[in-house]
Amino acid sequence: MSKLRIAFIGLGGIAKNAHLPALKGLGYKVDFCVDIDTGRVKEFTENVGCKGYADYREMLKNENPDVVLVATPHAFHAQIAVDALENGSHVYIEKPMALTVEEATKIVDVAHRKNRFIVVGHNGRFSYKNYTAAKIIHKGVVGKIYYARGFILRQRGIPPAPTFLKKELARGGAVYDIASHALDMLLYFIGYSKPVSVKGFTYRAFGERVDEFGGTYPQPPIPGLTSDVEDFGSAFISFDNGIAMYVEVSWAGYLKESKVEYVVLGDRGGVHVDNTNLYYISSAGKELFVGSHVGLNIHVDTYAEVWKKLLNAIEKNDEACLCPATTAEQGFINTAILESIYKSSMSGKEVELNIPDKIVEHAKNQLKCLVNE
Ligand SMILES: NC(=O)c1ccc[n+]([C@@H]2O[C@H](COP(=O)([O-])OP(=O)(O)OC[C@H]3O[C@@H](n4cnc5c(N)ncnc54)[C@H](O)[C@@H]3O)[C@@H](O)[C@H]2O)c1
C-alpha cells in the first residue's frame, strides 16, 4: 500500500500479537525485523517475509527505515529510539518511553533536531470508553478539575517474563509497567497541567512467589522464575494549578477484586471509568445524577489507532495529526513522574519536579483535537 518502510526492533509478544496484526489490518507490511534472539528473527522472517537482523544498529545503517517500532525490554527503549531518530526514522516507542528525565530529554531533543515524529505505546487512550471520557472532559463539562485518580490493580498478574522482572532489563516493576499507563490516562484526561511534586511508594511483596501470583490465574506456574522488582506502587502527585492526582498499581495483591478505574472530579461534574462502563456524574438544580454511557461495546483495535495517527502524521508531515496519541513531550512528563516515584520511595521524601514550561505547553497543545471532535 504505502511506500513507508517499517522496521520492528524487539520481536516478542507485543510485536507479534498486537503490532503486526494492527499494521496488517491497515494494509502495511513490516519490511525489517530485529531481535537479539536469532530464533525469534528466524520465526518472524519466515512468517512475515521481512529482512531479519540480530543487531538493530546494522539494520538502521543498511536499511534507513522510515518508521521504527521499539518493542524491547524497557532498559533499551531510549537508546534505540535515539539511534533510530538520529538515523532519520520516525519512532513508535512502546511504554514507558524512557526511564529517566535524562533519557527523555535526549529523545525530545533529537526528535526536534531531526524533525521526526514519536508516539508512545499508551494505546489505551483509544479504547472507545477512554476516548469518549477524554472528549467529555476536554469539552469542559466537569468544570474546574481539582482531583484525578487511577487504579490498575490485579490480584494475580505478575508478568511471567524476564523482560518485566529482571532489573537489568526492566529497571523497575509495576510502576514502569502499568503506572506508566495509569499516569498517561490521567494526564490525558486532565489535559497536562504542570506537575510539581511527587510522593511515591513502591514495594516488592511477591518477588519470590511468581509461580503463585504470576500471569492471569489460573495458569501453569513458571518453575523457578523470580522477580527483582516491585509489584506494588502508589503515588500522590501535585500540580501547579492545585490539582491533586493519586495513582495506585499492583501486579498482585490480597485484594477483593482486580480492577482498572479512573476518576476525574471537577466542580461541575465528574467522570468515572471502570472495567466495564463510563459514568458521567452531574447535577440538575440541586439534584445529583449518575448517568452511564449507552452503547460502549464498540470494539477498537487500539494499537491500529496509534499506528494510524503516526503514519498519517508522517504522510501529511503534520504533528497535529498525532492527536490524541501520546507524544514525546507527553512521554517526557510521564517519565519525570515515574522516575520521581522511585526516587521518593527510596528517600522516603517528597520529590520536586522541574519540568520545563515549554514541554508542558507543547504537551497541552498536542491534545487540542479533543475539543473539536
Ligand atoms: N502497550 C501495552 O499495553 C503493552 C503491552 C505489553 C508490552 N508492552 C511493552 O512492549 C515491550 C515489549 O514487551 P513484550 O511483552 O513484547 O516483551 P517480550 O519479552 O515478549 O519481547 C521483548 C523482545 O525484545 C528482544 N530484545 C531484547 N533486547 C533487544 C535488543 N537490544 N535489540 C533487539 N531486540 C531485543 C527480546 O529478545 C524479546 O524477543 C515492553 O516495553 C513492554 O512494556 C506494552
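How many residues line the second largest pocket, and which of them lie nearest its centre?

Reply: Happy to. A word on the ground rules: this is a predicted model, in which local features need pLDDT of at least 70 and side-chain atom pairs count only at pLDDT 80 or more, while totals for chains, interfaces and linings use all residues. Residues are numbered from 1 along each chain as its sequence is written, and side-chain values use heavy atoms, with hydrogens and water left out.

Now to your pocket. The second largest pocket is lined by 32 residues, and Ile152, Arg154, Ile178, His181 and Val260 lie nearest its centre. Helix H6 (128–138), strand S7 (145–153), helix H9 (174–190) and strand S11 (259–266) are the elements that give two or more residues to this lining. H9 has the largest share, with five residues. The elements are DSSP runs numbered from the N terminus: helices are H or I with at least four residues, strands are E with at least two.

What counts as a pocket here? On a 1 Å grid over the protein atoms alone, a pocket is an open set of points with protein on both sides within 12 Å along at least five of seven lines, and a lining residue has an atom within 4 Å of a point; a set where a 1.4 Å probe fits but cannot get out is instead a cavity. The volume of your pocket is about 670 Å³, taken as the space filled by probe spheres set on grid points that are joined across faces, edges and corners. Its lining divides into twelve nonpolar, twelve polar and eight charged residues. In that scheme Ala, Val, Leu, Ile, Met, Phe, Trp, Tyr, Cys and Pro are nonpolar, Asp, Glu, Lys and Arg are charged, and the others, Gly among them, are polar.

H1 (13–25), H4 (77–86) and H7 each supply at least two lining residues, and H7 gives the most, with three. By class, this lining has 15 nonpolar, ten polar and six charged residues.

The ligand sits in this largest pocket, in the sense that more than half of its atoms lie within 2 Å of the pocket's grid points. Around the ligand are 23 residues, the closest being Asp35, Arg40, His74, His77 and Thr163; a residue counts as near if one of its heavy atoms lies within 4 Å. The shell has eight nonpolar, ten polar and five charged residues.

A polar side-chain atom of His77 lies 2.8 Å from a ligand oxygen, an N or O atom in the Lys95 side chain is 2.9 Å from a ligand oxygen, and a polar side-chain atom of Glu94 is 3.1 Å from a ligand nitrogen. The protein covers 84% of the 860 Å² of accessible area that the ligand has on its own, by the Shrake-Rupley method with a 1.4 Å probe.

Lys95 has one further feature: a cis peptide bond joins Lys95 and Pro96, with omega about -10 degrees. Pro96 is in the loop between strand S5 (90–93) and helix H5 (101–113).

Key
A polar contact is a pair of N or O atoms within 3.5 Å; within protein, one must be able to donate a hydrogen and the other to accept it, and residues adjacent in sequence count only if both atoms are side-chain atoms.
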